[in-house]
Amino acid sequence: MQNRREMVARSATVALLLAGAGVLPARAQSAWPKAAFDGKSIDEVYKGLGIAKPVESKDIAFTAPDIAENGAVVPIGVTTTLPGVKRIAFLVEKNPTTLAGLFDFTEAVEPSVKTRIKMQQTSNVLAVAITSDDKVYYAQKEVKVTLGGCGG
Amino acid sequence: MSDPMRIRAQAQGSGAVVRVLMSHEMETGQRKDAAGKTIPAWHITEMTAALNGKVVLSGEWGTAIAKNPFTEFVVKGAKAGDKITVNWVDNRGDKRSDEAVVA
Amino acid sequence: MKAPALALAVSFAAPFGHGQTNNAPSAADGIAQYRALLADGNPAELWEAKGEALWKQKRGAKNVAFSDTCDLGKGTGVVKGAFVELPRYFADTRRVQDLESRLLSCMEAQGYNAAEIAATPFGRGEQLDLEALVAYVSAESKGMKFNLPQARPEERLMFEVGKRIFYFRGGPYDFSCASCHGEAGKRIRLQELPDLTKNPGDGVGFAAWPAYRVSSGELWGMQRRLNDCYRQQRFPFPGYGSDATIALATYMGVQGKGSVSIAPSIKR
Amino acid sequence: MMTIMTTTTRIIIPLAWVALIAGCAAAPSAQEADQATQAIMKNSFREQGIAKLDRIQQDELQQACSGEKPPSEATAKRIEAAQLATVQWPADGAFLGDWREGEKLAQNGRGMTWSDPAGVPSGGNCYNCHQITKAEISYGTIGPSLYQYGKLRGVTDPAAPASAEMLKYTWGKIWNAKATNACSNMPRFGHAGVLNAAQIRDLMALLLDPKSPVNAQ
């Protein structure tokens, strides 16, 4: 694996190159990517994030329940053995806006995270991993959202 | 003023497992109040976690992160006594910073 | 965050969504899996922390702290073990009281208007502080077994009244508590219903409340739990801390003798 | 046994009872507990929204079915006969409506709580207690499964004379479940005014129309 210094240097170079080429939106390190969060489809989110269409990867272990008793809280988690993952995005295909959240990893943390999302209805949920050399991979799972209680 | 976070950091193997609970409404902006008026979106937009002052993980969140967010991650090389600091800021500009010591 | 039961490595080592077999899991398995994923990281802990601070804080017109003035049955200021012995009889109020009605009495002693707080809708004003306090007090008995006192005649009377109210049918749907909680192995939609006419076991039924409700993102005490049961029963509104709710709690708590409390838990 | 007393002259507050039995080692007598229950029920509830206090004034059936044990067989039979007499049969003899509307009603658990506004039609609450279609996996088990209800009972043509008895039985069950089972857990949907005749027709279609997913799948 690359050491941290190399990786930072490389990703900075790549980012500069891409920004110069107008491929990457001028996204400051901590700026909230509005275009991606406004996206109403998976493709719009990819466009908003400035990433290519990802390929499915068996090296992303994506944890989500088969059935959620309540769409208000759906526990999900991801961990990956892919090298150099700098960012993981969670997308819910059938939510009003598709992108739920992003996590950015440094070399000081494992490329794994657990969070909880809201789902309006039964949908595919995607974990998209972006590596420091801007390769994109994903894993997905369908989560059924049910009505758990009296319904009143 | 927002309520404090609950941060638990536990040394395990060669690192530390960090679990964070934040107190936040995470209002979607999709709901309507009793009078039929849309309740505006109100959500954490960014969070960061730092080990001994150095940011190790950050997140950018939308309205679909659940209310009272829970986050869990693993910090490599962290040991008992190290300091974990978590920050968040929301779309109204409210912010909060709390810390815990790795146990 | 007490008792950290860390299992991150284990749970990540066996992800549900990866390398799964094609055997479609049953709905019940799916729900069990969902709950297991939620169990770790219960936002109720946010309420516990707030409640602990409130317990120790000097408040009200009298400017006194519960830690110096409030007796939950185990002595002034004692929290540990109090929850699993409530409701019980209190000589100073000459009433059998559950946790929430007792906390109201303690707030009255601080100079608050208890009737006003009891009439405040859930999730507003001082009711928010009560939620935090019930989370804290119940958490201090986590893992302990329910053992409600029944030595006094007042306590036995409340048990008998609670049993009668449990079976009391009314409203346009003819429902009683027993309509849903009178038989084992039943469910509403996918929600299993504990049989509360018997001891439903550790961490089930009475031993699972207060709880963080993910559906509303709020902390519900037993008072709110019972209130919403009565709403769904299409009954009129049971008063906060009313004797009917305390009698029901006494009935359920005595039936659940010996079960381990997991409160505050996390619920759908 | 547990009617709410409408006169206040004999209300004895529980504290007074406690005083009477204090010091006595035995459990309270059934009579003491019954009287304390009446007083406590009366003092503990208030009206809210559309849920008025008359809802805890029990009718004879509710009273008879509020024990730990069911009423005697004779009482049950008497109640069932009285309840059967309340069933209003469809005036035009049309038992079946639209199963699609019936499915919506079966899914809908709203209505008649203190948080429901007045005048809004109630749902049928059916999935809370019954399996109905195969597609809906979130169903309750307090009542029996109704999947393939009509098919299993041989209703292939609801208009055929052979189907008449089953149609009538099912209508009666929905209108007033207590007509066939005095202390049934099921509400008396028609009798209590929870559902109207048109809604019950739609539920009937969901259960008995051969084209309904209940029978077709």
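**Notes on a predicted four-chain region: A to D**

1. Let's start with A:T97. Setting aside neighbours within four places in sequence, A:T97 touches A:F37, A:D38, A:G39 and A:K40, and also B:T63 from chain B. Keep in mind as you read that this is a predicted model. A:T97 sits in the loop that runs between β5 (85-92) and β6 (99-105) of chain A. Is A:T97 buried or exposed? Its relative accessible area is 17%, and since the cut-off for buried is under 20%, A:T97 counts as buried.

2. Now over to chain C and its helix α3, residues 44-56. This helix has 13 residues and spans 19 Å from first C-alpha to last, close to the 18 Å expected at 1.5 Å a residue. Its buried residues are C:A44, C:E45, C:L46, C:W47, C:E48, C:G51, C:L54 and C:W55. As background for reading such a list, an α-helix has 3.6 residues a turn, so residues three or four places apart point the same way.

3. Next, the interface of chain C and chain D. Here 42 residues of chain C are in contact with 66 residues of chain D. About 4,800 Å² is buried between these two chains, with carbon and sulfur atoms giving 60% of it. Three residues, C:R169, C:R189 and C:F237, supply 18% of the area that chain C buries against chain D, more than any other three residues.

4. Across it, the rule finds five salt bridges. D:K178 and C:D174 form a salt bridge, and their closest N and O atoms are 2.8 Å apart. There are also 26 residue pairs in polar contact between chain C and chain D.

5. Which elements of chain C supply at least two residues each to the side that touches chain D? They are α8 (153-166), α9 (177-181), β3 (186-188), α10 (222-232), β7 (237-238) and α11 (243-255). The most comes from α8(C), with 10 residues. By type, the residues on this side of chain C are 21 nonpolar, seven polar and 14 charged.

6. Last stop: D:F189, in the loop between α8 (164-175) and α9 (197-208) of chain D. D:F189 is buried, because its relative accessible area is 7% and buried means under 20%. Beyond its neighbours within four places in sequence, D:F189 is in contact with D:G124, D:I174, D:W175, D:V194 and D:L195. One of these, D:W175, is 14 residues away along the chain, yet the two C-alpha atoms are separated by 5.2 Å.

How values were computed. Residues numbered from 1 in each chain as written. Chains lettered and ligands numbered in written order. Predicted model: local features only at pLDDT ≥ 70, side-chain atom pairs only at ≥ 80, totals over all residues. Heavy atoms only, no water. Helix = DSSP H or I, 4+ residues; strand = E, 2+ residues; numbered from the N terminus. Buried < 20%, exposed > 50% of the residue type's maximum accessible area, 1.4 Å probe, protein only. Contact = heavy atoms within 4.5 Å. Expected span 1.5 Å × (residues − 1). Buried area = accessible area lost by both parts, 1.4 Å probe. Salt bridge = Lys/Arg side-chain N within 4 Å of Asp/Glu carboxyl O. Polar contact = N/O pair within 3.5 Å; in protein donor to acceptor, adjacent residues only side chain to side chain. Nonpolar A, V, L, I, M, F, W, Y, C, P; charged D, E, K, R; others polar.
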